[in-house]
Amino acid sequence: MPRELRDDQRLFSLTMVERLLRRYIKKRLDGYLTLVNSVDRSKPKDFYGSHKVAVIGAGLAGLGAAVLLGERGFQVTLFEKNSYLGGKTGCWPVHFADGSVANVDHGFHAFFRHYYNLRAFLDKIGASRYLKTIDDYLVLTQDGHRFSFKNVATTPVLNILSLARNGFYRLGDVLLNPPSWRMGEFLKYDEDKTFGKFDAVNFDEYAAQTHLPASLKLVFSTFARAFFAPAHKLSTAELIKSFHFFYLSHDHGLLYEYFDTDYSEALIEPLRRHLARHQVTIELDQAIVETNRENNQFIVGGERFDSLILAADVVGAQRINAHSPWIKGLSEKTHLDLAALQPSDGYAIYRLWLERRASATLPAFVITEKRDVLDSVTIYHQFDK
């Protein structure tokens, strides 16, 4: 038999085996969809009457709350300390010495395909039309090596084996290294057991205990940094949970969508229009430091409300908690939980306008091996029209 035919037969057999495995895994995982909250359809969807709600904080959490409540007939006022909406997804104009103006934001954001609720939210407000698919999820090392997630299998379990084919590790490094067999724990996420066993172990410690290959440690470290936590601070339990959420609980892979224009046009303006249609009042430049409670009503910014939603960041929430004695009086536990929160590490965005274009061989966003303070690089001209 000609060699070409033997190779074709071998490829066909591998394809059939992979197809059967994909079908078997999907069946075992119930099609990747698990119902965690059943809607009680006997209750009304919309509210009829007068009920005023204050939402403090106009990041995605506060905006989501304001949109949902406004749609259902509540009278919503949204308070934001900044002069712009969106929080970390916000966008604001910057004026330069030569008279030019550019919209600047907090940096690149990835919208993964398994962000089901967020994607439905973007569909609803009309922002999804600005989404484009990234060409590759790429990690660059200091010696110029590239780790690519392009063409990695998307089926859970098979996607881990596929990483070896893309050069993330060698099977022999794992199979012949007994300490690394503990990495099987990454396949067995259970909220109670995983956090009970690994929450007090940081990822640097875990990587040392399992003799994790350097390339795999690099990949997992990029996950850690995505949550603004260096490996020596990140709970291994949190990393295992995130690995399941981003990689093992669906078959979408790591490729994602991003907006093809600035966040003002793609997200904030569609949100403003949607909020206006539902009579949501927006109060910008309103830094709420304290709240009060009288006669079962909340006083925010000198105005009375029937309900209050605290959607501020950690620093803002703690300031409000410290200056709102009624919280402690109502719930000592809530007061202590808020006081115990810790903000993530700070970060900086350094934006450069260059005299000529950078390499066209890179995708719009790349993650680095973390040299000094350089975490990642966004090449804006490749996606921002």
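I began with the lining of the second largest pocket, where H9 gives the largest share, four residues. The model is predicted, so I noted its limits: local features need pLDDT of at least 70, side-chain atom pairs count only at pLDDT 80 or more, and totals for chains, interfaces and linings use all residues. Residues are numbered from 1 along each chain as its sequence is written, and side-chain values use heavy atoms, with hydrogens and water left out.

**Entry: the pocket**

I looked up the volume of the second largest pocket, and it is about 890 Å³. A pocket here is an open set of points on a 1 Å grid over the protein atoms alone, where a 1.4 Å probe fits, with protein on both sides within 12 Å along at least five of seven lines. Lining residues have an atom within 4 Å of a point. The volume is the space filled by probe spheres set on the points.

I found 21 lining residues; Tyr-32, Thr-34, His-244, Ser-249 and His-250 are the closest to the centre. Helix H3 (116–125) and helix H9 (236–248) are the elements that give two or more residues to this lining. Helices (H or I, at least four residues) and strands (E, at least two) are DSSP runs, numbered from the N terminus.

**Entry: the parallel sheet**

I traced an open sheet of four strands in the order E10-E2-E1-E14, with parallel pairing. Strands E10 (281–283) and E14 (307–310) are at the edges; each has a single partner strand, so one side of each lacks a neighbour in the sheet. Two strands pair if DSSP finds at least two bridges between them. Strand E2 (residues 75–79) is joined to E10 by three bridges. I checked Leu-78, and its bridge partner in E10 is Ile-282.

**Entry: the mixed sheet**

I then followed another open sheet of four strands, E8-E7-E15-E16, whose pairing is mixed. Its edges are strand E8 (146–148) and strand E16 (374–378), each with a single partner strand. Strands E7 (residues 138–140) and E15 (residues 365–371) pair in the parallel sense over three bridges. Leu-140 has Thr-368 as its bridge partner in E15.

**Entry: Glu-185**

I placed Glu-185 in the loop between helix H5 (171–175) and helix H6 (191–198). Is Glu-185 buried or exposed? Its relative accessibility is 14%, so it counts as buried (under 20% relative accessible area, with a 1.4 Å probe and protein chains only). The Glu-185 side chain makes a polar contact with the side chain of Tyr-206 at 2.9 Å. Such a contact is a pair of N or O atoms within 3.5 Å, where one must be able to donate a hydrogen and the other to accept it.

Conventions. Buried means under 20% relative accessible area, exposed over 50%, partly exposed in between (1.4 Å probe, protein chains only).
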